[in-house]
Amino acid sequence: MSLAIEAPAKVNLSLRVVGRRDDGYHLLDSLVVFAGVGDSLSFAPADALSLTVGGPAAGELPAAADNVVLKAARALADLAGIPPRAAILLTKRLPVASGIGGGSTDAAATLLGLSRLWNLDVPLDALGLALGADLPVCLRRRPTLLSGIGEALADAPPLPPAWLVLANPRVPLSTPMVFRARSGAFSKPAPFAAAPADARALAEALAPLGNDLTDAAISLAPMVATALTDLAGLPGCLLSRMSGSGATCFGLFATQDEANAAAKALSTRRPGWWVAAAPILS
């Protein structure tokens with residue numbers, strides 16, 4: 001038996017930094033969704049554990065031995081008390097160090113895929129944040145209200161159909177560096193409680209929430225500001241914002257046609273960028 005599983009991009013529609021613990025970890029308040037674009041993984045039985053990486057972003061990854069997919073596979077095998085045996089193929093499409101959870105969503109897909117391949121019944125959330133701060137939310141793969149340092153999760157209110165245009169200017173950003181560059185007071189928590197009727201109402205509800213890491217990211221990578229401006233100027237864009245710690249930004253659109261046209265226009269204007277149109281997954 002072999003199987004395939006998708007690893008969708010994680011997008012922070014809002015991200016507020018509301019405090020910091022004594023150990024240095026920041027406390028967050030975020031509405032997280034997943035987009036219908038991402039990496040793909042396939043898993044097949046084998047006598048040993050191996051990983052093959054392909055796809056347009058394969059060259060951006062570290063050496064295979066350090067890949068989070070292999071770390072996730074070994075962690076799951078250790079949890080289950082079995083030897084890690086599988087041939088894994090990762091098709092890498094999401095840019096690396098880009099604020100859309102590429103490593104964490106790959107790790108989550110690995111845990112989900114190998115649990116099926118190995119016929120396991122173990123609590124995947126027991127691995128906690130060990131494989132990345134976004135791992136718990138990436139295991140859920142649905143709209144989520146995230147708080148704490150990423151471990152406190154709750155279902156988001158129902159969201160309407162909407163589309164995203166994701167844009168990354170091919171500038172990697174280190175999450176720890178962005179947090180270190182953040183300055184000023186912490187925000188107050190503002191949990192997303194609305195149940196918007198349509199994409200425009202969703203944009204209006206998101207407008208006051210923002211992303212508290214945007215200024216810090218721009219100070220390290222000024223092209224983030226260019227991406228936000230470009231997205232905001234596209235016809236049909238209801239809201240432009242950075243995801244996570246950047247540098248990927250997104251525009252929110254009501255329809256597939258608007259998003260596809262906007263992505264095509266932005267790709268033409270910025271030929272070196274990674275640009276993708278995708279729906280918000282329910």
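In this predicted model, Lys10 pairs with Asp134 in a salt bridge. The closest N and O atoms lie 3.2 Å apart. Side chains of opposite charge can pair when their charged atoms come close. The two partners come from distant parts of the chain, 124 residues apart. Lys10 belongs to strand β1, which spans residues 3-20. Asp134 sits in the loop between α2 (102-117) and α3 (135-140).

Lys10 is buried, because its relative accessible area is 3% and the cut-off for buried is under 20%. Beyond its neighbours within four places in sequence, Lys10 has a set of contacts that includes Asp134. Val32, Val33 and Phe34 are among the other contacts of Lys10. Gly99, Ile100 and Gly101 also touch Lys10. So do Cys138, Ser243 and Gly244.

The whole structure holds nine salt bridges. One of them joins the side chains of Glu60 and Arg170, at 2.8 Å from N to O. Glu60 lies in the loop between β3 (49-54) and α1 (68-80). Arg170 lies in the loop between β7 (163-168) and α4 (175-181). The pair therefore ties together parts that are 110 residues apart in sequence. Glu60 is partly exposed, with a relative accessible area of 34%. Arg170 is partly exposed too, at 39%.

A further salt bridge links Arg142 and Asp155. Here the closest N and O atoms are 3.2 Å apart. Arg142 is in the loop between α3 and β5 (144-148), and Asp155 is in strand β6 (residues 152-155), so this pair connects parts that are 13 residues apart in sequence. Arg142 is partly exposed, with a relative accessible area of 35%. Elsewhere, salt bridges with shared partners join Asp39, Lys92 and Asp106 into one network.

Attention now turns to empty space. Rolling a probe the size of a water molecule over the atoms shows where empty space is left. The largest pocket contains about 1,200 Å³ of space. Its lining is made up of 46 residues. Nearest the centre of this pocket are Ser104, Gly132, Ala133, Asp134 and Thr175.

Several elements give two or more residues to the lining of the largest pocket. They are β1, β2 (26-44), α1, α2 and α4. Strand β1 is also where Lys10 is found.

The cysteines complete the picture. A disulfide is a covalent bond between the sulfur atoms of two cysteines. The structure holds zero disulfides. Cys237 is in no disulfide, and the nearest cysteine sulfur, that of Cys249, is 11 Å away. Cys237 is buried, with a relative accessible area of 17%. Cys249 is buried as well, at 0% relative accessibility.

Definitions and conventions
Residues are numbered from 1 along each chain as its sequence is written. This is a predicted model: local features need pLDDT of at least 70, side-chain atom pairs count only at pLDDT 80 or more; totals for chains, interfaces and linings use all residues. Side-chain values use heavy atoms; hydrogens and water are left out. A salt bridge is a side-chain nitrogen of Lys or Arg within 4 Å of a carboxyl oxygen of Asp or Glu. Helices (H or I, at least four residues) and strands (E, at least two) are DSSP runs, numbered from the N terminus. Buried means under 20% relative accessible area, exposed over 50%, partly exposed in between (1.4 Å probe, protein chains only). On a 1 Å grid over the protein atoms alone, a cavity is a set of points where a 1.4 Å probe fits but cannot get out, and a pocket is an open set with protein on both sides within 12 Å along at least five of seven lines; lining residues have an atom within 4 Å of a point. Grid points are joined across faces, edges and corners, and a volume is the space filled by probe spheres set on the points. A disulfide is a pair of cysteine sulfur atoms within 2.5 Å. Contact means heavy atoms within 4.5 Å.
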